Every structure is written in structure tokens, then in C-alpha cells.
Amino acid sequence: LHMISSSSPPSTTLAATNQTCHLKFHKADQTLLTSSGILDGKWYQKNIITKDESFSGYAYATATASGSIDVYHLQHKFQQNTKNNYKDHGDGTIGKCEEDTEGDNRMEQLERKQSSSNNKTQYLLKHIASSLFSDTGCASNDNEDNGLALSLAWDESHANNYSEEQQRTTRIVSSYSKGTLAVHEIDLSLSSTDTPPENIKIKETHRWNAHTLFGCAAEVWTVCFASNQQYSTYSNTLISGGDDCTMKLWDLRTCSDCNGSIMINRPIHSIGQEEYNAGVTAVAYHPSSEHLFCCGSYDESVRLWDMRKLSSKEPLNRIDVGGGVWRVKWHPKDKGRILVGAMHGGCCVVDIPCLSHWHNNNGSDVDGEDSDSGSYDMRITGEFVEHESMAYGADWVFLDGQYEAAASCSFYDRQAYIWSTI
């Protein structure tokens, strides 16, 4: 767990460009040892608050090589010490006081090795739930049978589109190396006595075979919900991409649930080799548009799609980014920019000017319904090629009006960088 900070105090009088050069990684606040490799991780963009509002924090979920979905809770050290009777042992670890550890499993004592210069951590990730130990109604929940969990996505539509009580339950969709997709219900209904919140539950509600190649299961590299915090129009629709060179859309109401219901398990849209020349590897729904999403592929292209125009099997536009696409991330504020991790091609920023224009002039609603078909121009406005091996991970580092940068990482050379996108 790294914190990113500026070596100079944030200032509203300095341009974001000037502030970016001061951004740097702290030494690791926390090194969390896991039982298997982590292949994807996503934050839930909504603060978890207990019913009596006495405790809050953010949730982070990971997809692992063992096939499990694990959920963590981001806690400030002050919360650990005051509410859990945790203490700093002074040797770079955090653990329960002696009177609280008797009889506890040693793996659950939360001893965490840190490398901060003063052995003082500000934030900790607490493991709170795993699909390995979840209650499920599915006939088989053997994670080894499912293969590797390759990707996951939270259902962000629950964050603002439902009642306060409904917001305490959300969903995660996950994809697997043996061709399946699964949906998990996540119960975030915490009481103040659950600190750390031990009672978060993961329940698998759906699982079905989604992608095949030559009659065999194909890796499902990516999946997401077709919704965001502002729109839930397609909240029961999932978008997946696989090694079979196909992007598929699914209506969850027609996919196999864990109650033994016999469903169609047939995609409502399937766009394959008539458009894609290689595996479909990354998908991200637009954070404020009702209808738009982008998709990346091993064929080195990023495509922009409109939910209303999928029958044509033609994207609104596409752009070559010089390498197989592994990550696509929409900018948190400028709704016309996409950060791309393009493997051997490094990283780049793709700009779609019309989306930025519509957002700046019409507020948060980005649809572009009044646009003609040729207006979705896509251009590369920034590149980072310092990685000496394939760039797999990329995300924005952004503080409105003060900082803007990208953080990216590569595999074989084990490097992480912060670089300017302005």
C-alpha cells in the first residue's frame, strides 16, 4: 500500500502542471502478504459507513490466481488503535494487543511489515472477506475448477441510484481463465460493533460459461457492469471480452443463477472477428455517460462504443495505440480522456475532444446524442515509454485543480512510475 504525496504543499495558485513534478511515491505504508498472485484490483468508489455512522472507510477488491475474490477495508491507523486495541510494536509491524490475541489464528492478527522511514503507517488494508469462505447456493464453488480469477468490477450504480439501505448491498462481477463469468452479492451492512468489519459477506449468485475457442474454454480477460454512479439504465447488463476475439454483452436476467434455474446463457450482443483481430482484453464503462464505453484489444486498438448502436457492430471510432491494450481508465473529471496501458507500446493518453466539450458545456451528462457520426475524433495526446518491459497497470493520480498525473507499472522489470499527462 503506497501513498502518493507532493514534496511541496498543494497550492491553488500553481498550475496542475507545476504540481505534478512534485508528486512521488511514499515508501510502502504496508506490505500485505497474500496466498496467491493478484491479477486485478478495484476500489469501490463509495465510502462504507456503519449504520450509526461511527465508522467509515473504503473497500478494495482483488481477483487472485487461486480463483478467489477478496475484499479489503482501508482503515486509518487511528481507527485501528482506538477501536480495535491495536498497537505499533515498534519493529515495523502492527498487531493486536496481547490480551486480544489469545486463541486467534495467527494469520488474523494483522501483523503487517512496513517500510516507512519512521515505522509509522497512516493507512492499512484489512482483509475482511473472501469468496473462498462465502455462502453460496451454486452447485459448485470449487475455485480450482474455475481457474484463475482474471478481472473484476464493482457495480457502481448502487452508490447513488438506490436508497440508503439498498446502497449497503452491491455486486462484483468477475471473469475466469476457464471461460466463466460470475456475479457476487456483497453485503456492506456494517454495525458499529464490526470494527474491523468482520461480517461483510460475499455470496455468489450467478455463474455461467461465457467464452469458448475451438470448442474449449477461452480466457475471459475482462468484464464490467454497463452502468455508473449516475445511470442504472443497463444495470443488469454485463460487458465481457475474451481470448476468442469476441466482445459480448449479457442480460443477467437470462444467465444461470445459483438457484438451479435453467437459463439461456446466450449473449444479447456478440461482436467478434468482424471487428476484433485478437483477444478482447480491457473494458470500461464511461463514468458519466448513460450509453458509452470503451474497449481495448490485443490488436493494439482502443474502440469507443455506444450501447444504442451495437446492432451495427461498428464502433463510434477506434485508434491504434502501438501495443496490445491491457488497461483502459477514464479520467475522473475530464470525461473525454482515457489512460491506456499498452503493454510493449508503453502507456498513452487518448483524447476524445467532443466528450470533453459536451461535459464542460452540459455538466455531467455525456451522451453526444446530437453528434453526427464523424465527430468522435480520437487522438493520442501523451505517451510514456520509459518502461523497459510490458506496461500492464495504469491509473490516474488526480486531485481536482491541484494535481494530475498517471501512475503505471510494468511486469518483468518490476517498475512503477508517476508521469505527467498534461
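This briefing walks through a predicted protein model, topic by topic. Because the model is predicted, local features need pLDDT of at least 70 and side-chain atom pairs count only at pLDDT 80 or more, while totals for chains, interfaces and linings use all residues. Residues are numbered from 1 along each chain as its sequence is written, and side-chain values use heavy atoms, with hydrogens and water left out.

The protein chain holds five helices and 30 strands. Both are DSSP runs, numbered from the N terminus: helices are H or I with at least four residues, and strands are E with at least two. Of the 422 residues, 55% count as buried.

**Burial and contacts across the chain**

- Buried means under 20% relative accessible area, exposed means over 50%, and partly exposed lies in between (1.4 Å probe, protein chains only).
- A contact means heavy atoms within 4.5 Å.
- Take the contacts between residues at least 6 apart in sequence: 57% of them join residues at least 24 apart.

- Two strands pair if DSSP finds at least two bridges between them.
- Strand 21 (residues 292-297) and strand 22 (residues 301-306) run antiparallel and are joined by five bridges.
- Gly296 stands opposite Val302 in strand 22.

**Val283, a residue of strand 20**

- Val283 sits in strand 20, which covers residues 280-285.
- Val283 counts as buried because its relative accessibility is 10%.
- Leaving aside neighbours within four places in sequence, Val283 contacts several residues, including Thr222, Ile239, Phe293 and Val328.
- Val283 and Val328 are 45 residues apart in sequence, yet their C-alpha atoms are 6.8 Å apart in space.

- Another open sheet of four strands has the order 24-25-26-27, with antiparallel pairing.
- Its edge strands are strand 24 (327-330) and strand 27 (379-384), and each pairs on one side only.
- The twist averages 20 degrees from one strand to the next.
- Strand 24 pairs with strand 25 (residues 337-341) in the antiparallel sense, over four bridges.
- Trp330 stands opposite Ile338 in strand 25.

**Strand 9, an enclosed strand**

- In strand 9 (residues 123-130), six of the eight residues are buried, so the strand is largely enclosed by the rest of the structure.
- Strand 9 pairs with strand 6 (residues 69-76) in the antiparallel sense, over seven bridges.
- Tyr72 has His127 of strand 9 as its bridge partner.

- Ser410 is in strand 29 (residues 403-410).
- Ser410 counts as buried because its relative accessibility is 7%.
- A polar contact is a pair of N or O atoms within 3.5 Å; within protein, one must be able to donate a hydrogen and the other to accept it, and residues adjacent in sequence count only if both atoms are side-chain atoms.
- The side chain of Ser410 makes a polar contact of 2.8 Å with the side chain of His387.
- Another polar contact, of 2.5 Å, joins the side chains of Ser410 and Asp413.
- Beyond its neighbours within four places in sequence, the contacts of Ser410 include Ser389, Tyr392 and Gln415.

**Two loop residues with positive phi**

- Phe214 has phi near 55 degrees, a positive value in a residue other than glycine.
- Phe214 lies in the loop between strand 14 (212-213) and strand 15 (216-217).
- Phe214 is exposed, with a relative accessible area of 79%.
- Arg414 has phi near 55 degrees, also a positive value in a residue other than glycine.
- Arg414 lies in the loop between strand 29 and strand 30 (416-419).
- Arg414 counts as exposed, at 74% relative accessibility.

Key:
Axes fitted to C-alpha atoms, helices over the stretch in contact; angles between N-to-C directions.
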